[in-house]
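I'll jot down what I look up, one topic at a time.

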There are 2 protein chains.
Amino acid sequence: MENDFTRRLVVPAETRIAMIIMDGLGGLPREPGGKTELETACTPNLDALASRSALGLTVPAGPGITVGSGPGHLAIFGYDPIQYEIGRGALEALGVDFELGVDDVAARGNFCTLDKAGIIVDRRAGRLPTDAACELLDVLQTIKIDGLELFLRPVKEHRFAFVMRGPGLVDALTDTDPQKTGVRPLTVQALQPSAEAAARAANRFLEEARCLLAGRQPANMVMLRGFASLPRIPTFAERYGLHAAAIALHGMYRGVARLAGMEVLPICGQTLEAEFATLEECWHDFDFFYLHIKQTDTCGESGNFDGKVKAIEEVDALIPRLLSLDPDVIFVGGDHSSPAVLQSHSWHPVPALLFGKHIRPDGIPEFGEHACLRGSLGVVPATHIMPLALANAGRITKYGA
Amino acid sequence: MENDFTRRLVVPAETRIAMIIMDGLGGLPREPGGKTELETACTPNLDALASRSALGLTVPAGPGITVGSGPGHLAIFGYDPIQYEIGRGALEALGVDFELGVDDVAARGNFCTLDKAGIIVDRRAGRLPTDAACELLDVLQTIKIDGLELFLRPVKEHRFAFVMRGPGLVDALTDTDPQKTGVRPLTVQALQPSAEAAARAANRFLEEARCLLAGRQPANMVMLRGFASLPRIPTFAERYGLHAAAIALHGMYRGVARLAGMEVLPICGQTLEAEFATLEECWHDFDFFYLHIKQTDTCGESGNFDGKVKAIEEVDALIPRLLSLDPDVIFVGGDHSSPAVLQSHSWHPVPALLFGKHIRPDGIPEFGEHACLRGSLGVVPATHIMPLALANAGRITKYGA
């Protein structure tokens, strides 16, 4: 609602905004009274930038809500992550870097084990190795369904992404996974008449899969759940008047950026340094850049406190290269918290730094959870960031006289 | 929504609230690491009051949104400025101190130049001097339209305010300014059947204006746009149970106060001192006073940092006179920021001071942007202020038992 109002007021400008997202940035102290990962990290460049910036903490989707990367990114991009929900199937496809189109219907797939009567005895087919799953997916990929394209992509162990592409497919479909053993897999039901073609196609795939996998062990059937198309969201161009680019190494983030209408840039290599090199090369071709850093979250989720500290320090070391591009506005923050002590995503507010040539600096010479708490941005919904970035970039005109 | 809830709980009390609004109060440092206008100003009285008050910063209409004075004032008066939008025509009339009634339909008018075929060749009639426009408005003021009163007021150069007053006028009308040259002015169209009488009246005015101005140069026609009546808003009496008075020297602010149902007091003179004298004279006749200071914004918008500092110091010098009236609640703040370095309104949060006999003092002995950041009000929507002022004035009863 709020950002749809902003849209009325957006005006063009010759300014550039850089949004640096350290995935899972927010943390927790390792011991009582201690420092978080960000506070532990030696970040002279971010600290110097902080002193010239407005600080705060962002809340992705509401108090106490832990988000995945999909909703976390939508929020920081200015989209209400509850209004614009990305369904499970679509997230699964995005997560393996599949270029999901807006008309595709995706689902989470998994291999399972049926007994001779067709009853489910293992919903995960003994968590068969990913390699074995890949071989089976090659077999299933031979299935043809008239008028549709079918895409199967391995995820991990028994899990895979399932995508149907074709005209008029609708994602209002029921799961075939009954979520328990001792019963048969269900068939796909259309939840509305417009989804009947998609239901027939999915059931046709399942029948053929049953034939092709018959007699194999442990995986002799597949189940599908969480059917979903991508939500339709206004693009960065439509909503903010921004020609936006994304620099991210992993599929999920590239997918969410594409959903927001960003151009996903090719990167020569798999390093943070390569990401910054791409930023430099393309600096004059866009007016908004989203640059994603994965390592902070990877370390947070695996409980590697020191690794997360190091990942933050590596970002800090590259900040001078960002500054030398002379962006009009810089945002440094995260999509959610991933404290190493929790080994998972969490609901804790995420440190946020907003620099701009017209910012009112808080004068706080440190970038960390406690320092940010004293900042003028406050503890705010993550959706506040984009309008503030636009304002600081001279891209929002006055409301009323 | 929030304040409509407050309305349920409002109770009478023998208390007085003074709201001192320094227009465009919020500022920015002149140089990196420097102080804002308010921080630069020597304000011993406001600083002493601050130490006994709750401090914070107000956000008029949402993050990143720069507001005009109309929405900025509505917000500080407790009305959601997006829900209660004041249209362009109404703002133009308010801005020249026209006493716009709730049934009036106003528009922005401007003189233009047509060629012999009736095609627009200059949408601003060469920005003719205001004096020349005044003479032409005298001519146009002779136009009579049955059953209606017509008011024309000069604004600046080619611009004027156009107001129709009469029973049953509705503002759902299209512009006649096509926003480009090389075409004819449009006629006014009713956007709904109830607006047809207003459309006929406006078109009748335009036909007569064409005849009266024919052959003149450069201004031989007028165009009208932004037709708008005042929004209907609950008055201070209805919403807050307050008998409210406004002390303001300029039309826009008197108009917005009138819209909120305040009585606009006459002022003997054009000075800040005269405004405070009016406050003193009428102190026992009302229980809410809005006192507006324009000079802070005028200096901010013209880039006069030192002038804005001086304007704030002049207000500070009058604070003892305010205190000697012994108000139960004092609010000192602004409708928006107008940093001198930007020479314009801006989106930055506005310093706010709330004093009351039952306030929990923050004990911060300074009134300034950074000091306010440490205050207990937080960085909050401006609409939070009125309920807090009412509560401190003993005018809100308990919710629930």
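**Two helices side by side**

I started with helix H3 (residues 44-51) and helix H12 (residues 305-323) of chain A, which pack at an angle of about 50° with axes 7 Å apart. Axes are lines fitted to C-alpha atoms, for helices over the stretch in contact, and angles run from 0 to 180 degrees between N-to-C directions. H3(A) and H12(A) are therefore oblique to each other; angles under 35 degrees count as roughly parallel, over 145 as roughly antiparallel, 65 to 115 as roughly perpendicular, and the rest as oblique.

Next I listed who makes the contact (heavy atoms within 4.5 Å). H3(A) brings A:Pro44, A:Asn45, A:Leu46 and A:Leu49, and H12(A) brings A:Asp316, A:Ala317, A:Ile319, A:Pro320 and A:Leu323. By class, that contact has seven nonpolar, one polar and one charged residues. Here Ala, Val, Leu, Ile, Met, Phe, Trp, Tyr, Cys and Pro count as nonpolar, Asp, Glu, Lys and Arg as charged, and the others, Gly among them, as polar.

**Ground rules**

I noted that this is a predicted model, where local features need pLDDT of at least 70 and side-chain atom pairs count only at pLDDT 80 or more, while totals for chains, interfaces and linings use all residues. Residues are numbered from 1 along each chain as its sequence is written, chains are lettered from A and ligands numbered from 1 in the order in which they are written, and side-chain values use heavy atoms, with hydrogens and water left out.

**The sheet in chain A**

In what order do the strands of the open sheet in chain A come? I read off eight strands, E9-E8-E10-E1-E11-E12-E2-E13, with mixed pairing; two strands pair if DSSP finds at least two bridges between them. Strands E9 (263-264) and E13 (378-381) of chain A stand at the edges with a single partner strand each, so one side of each has no neighbour in the sheet.

I then zoomed in on E2 (residues 54-59) and E12 (residues 350-356) of chain A, which run antiparallel and are joined by five bridges. A:Leu57 has A:Pro351 in E12(A) as its bridge partner. Helix H10 (residues 272-281) of chain A packs on the sheet, touching E8 (244-247) and E10, and its direction makes about 175° with that of E10(A).

**The sheet in chain B**

Chain B also gave me an open sheet of eight strands, in the order E9-E8-E10-E1-E11-E12-E2-E13, with mixed pairing. Strand E1 (residues 17-22) and strand E10 (residues 288-293) of chain B run parallel and share six bridges. In that pair, B:Ala18 stands opposite B:Phe289 of E10(B). H9(B) packs on the sheet and touches E8 (244-247), E9 and E10 of chain B, at about 160° to the direction of E10(B).

**A pocket**

I looked up the second largest pocket, which has a volume of about 510 Å³. On a 1 Å grid over the protein atoms alone, a cavity is a set of points where a 1.4 Å probe fits but cannot get out, and a pocket is an open set with protein on both sides within 12 Å along at least five of seven lines; lining residues have an atom within 4 Å of a point. Grid points are joined across faces, edges and corners, and a volume is the space filled by probe spheres set on the points.

Of its 18 lining residues, the closest to the centre are A:Ala401, B:Gly95, B:Arg159, B:Met252 and B:Lys294. Helix H5(B) gives the most to this lining, three residues. The lining divides into six nonpolar, four polar and eight charged residues.

Most residues other than glycine have a negative phi, and most peptide bonds are trans. I found the bond from A:Gln217 to A:Pro218 to be cis, with omega near -5°. B:Asp97 has a positive phi of about 65° although it is not a glycine.

Conventions
Helix = DSSP H or I, 4+ residues; strand = E, 2+ residues; numbered from the N terminus.
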